[in-house]
Amino acid sequence: MTDRPATLVAKLARGHGLSPDEYAALIDARTPALADELAGRAREVCEAVYGDGVFARGLIEFTNICANDCYYCGIRRSNRACERYRLTREQILACAEEGWQAGFRTFVLQGGEDPAATDEWLAGVVGNLKAAHPGCAVTLSVGERSRESYECLRAAGADRYLLRHETATAAHYRQLHPAAMTLQRRMACLSALREAGFAVGAGFMVGSPFQTTERLAADLAFVQEFRPEMCGIGPFVPHRDTPFAAEAPGTVELTCYLLSLVRLAHPTVLLPATTALEALDPRGREKGILAGANVVMPNLTPPEHQGDYALYDGKPRSSAGAARKWADLAAQLELLGRRLVVDRGNPMKEKTYDSL
Ligand code: 5AD
């Protein structure tokens, strides 16, 4: 028997970790009232650590060419219907320049596992970004690579790396990916990234096919244990040209509940209100922030390519420039009593939080 939900919430909020069974009990006990209670506590904890600031990351989706064949993803190798593109170095730098002018101080270079994105080429782009915008942070999100590759990219000046673990349960990982991909390798990459000195982002989808309460609880236990500096959590959204086309999407409600739990389990984590939330609900971003997220990642990819970086159906697109996006976000956040800050938004050290 696990404790009552209120007891578990109190335990979590006091800074105690929960067991997988306790997380599972909290997930299954969810009601609108419990969700509100968790969200309120998550916002309090977020404010105690980071204040009222929300950090912006300018997302540059620089290639949709991918060697992998993940069953859920619209840019998987087997999708012949996907129009492939790769931005040039100059195009990437132009996106960042416009973003910098608008206020962005972190750039996220995200792409499929494109063989053309060699260490040498990526290291060069990172160097160019750092030279053009002294003081900016560069985040890479380019998948599984060798330890040597991660060390090379880190040495080139990249600060952070996003690689979602997708699910912490090996059997579930096998149901979402072809046999060539393993959870063991994914976890080894996350460790190698940390050892190379990156601030590391893990994360998972909510409502992915074959997910169960126990499997979600394992994801929470993993986050509690590994303590990634960032954690991307978004609903699964089916893509029409994938094996999961007919699967049901995840929900905004459960995703927000998990955002709150992650904020309480790991107070210093940087937690984005993900684009997939917006794909399911025009108010998805606000809901994510109200549940304990403190990062937004507007898309700075040139409008003519945004439609081709389609990981799932209904991904929001906007041809607005970076300055317009910044202004709209700032206004939206102000209505929530929050501030969009011109700041790199580095992860807060655990120590700092303990001494609050
Ligand atoms: N629905 C939601 N998220 C997806 N991702 C990939 N495909 C989908 C989808 N269909 C997420 C994965 C990946 C990140 C870049 O996007 O979690 O790590």
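**Close-up 1. Glu98, Gly99 and Ala102 of helix H4 meet Ala322, Ala323 and Trp326 of helix H14.** Sorted by class, this contact of H4 with H14 has 4 nonpolar residues, 1 polar residue and 1 charged residue. Keep in mind as you explore that the model is predicted.

**Close-up 2. Helix H4 and helix H14 cross at roughly 40 degrees.** Two packed helices are described by the angle between their axes and by the distance between those axes. Here H4 covers residues 89-102 and H14 covers residues 322-335, and their axes come within 8 Å. Are the two helices parallel or oblique to each other? Angles under 35 degrees count as roughly parallel, and the crossing here is at roughly 40 degrees, so H4 and H14 are oblique to each other. The crossing of this pair, H4 and H14, is right-handed.

**Close-up 3. Cys82 is buried, and its sulfur is too far from the closest cysteine sulfur for a bond.** A disulfide is a covalent bond between the sulfur atoms of two cysteines. For Cys82, the closest cysteine sulfur belongs to Cys73, 8.7 Å away. The cut-off for a disulfide is within 2.5 Å, so the sulfur in Cys73 is too far for a bond with Cys82. Cys82 has a relative accessible area of 13%, which means that Cys82 is buried.

**Close-up 4. Cys95 is another cysteine to look at, and this one also counts as buried.** How far is the sulfur of Cys95 from the closest cysteine sulfur? The distance is 14 Å, to Cys136, and that is too far for a bond. The relative accessibility of Cys95 is 8%. By the same cut-off, the count of disulfides comes to 0.

Definitions and conventions
Residues numbered from 1 in each chain as written. Predicted model: local features only at pLDDT ≥ 70, side-chain atom pairs only at ≥ 80, totals over all residues. Heavy atoms only, no water. Axes fitted to C-alpha atoms, helices over the stretch in contact; angles between N-to-C directions. Helix = DSSP H or I, 4+ residues; strand = E, 2+ residues; numbered from the N terminus. Parallel < 35°, antiparallel > 145°, perpendicular 65-115°, else oblique. Left-handed = near helix turned anticlockwise from the far one by under 90°. Contact = heavy atoms within 4.5 Å. Nonpolar A, V, L, I, M, F, W, Y, C, P; charged D, E, K, R; others polar. Buried < 20%, exposed > 50% of the residue type's maximum accessible area, 1.4 Å probe, protein only.
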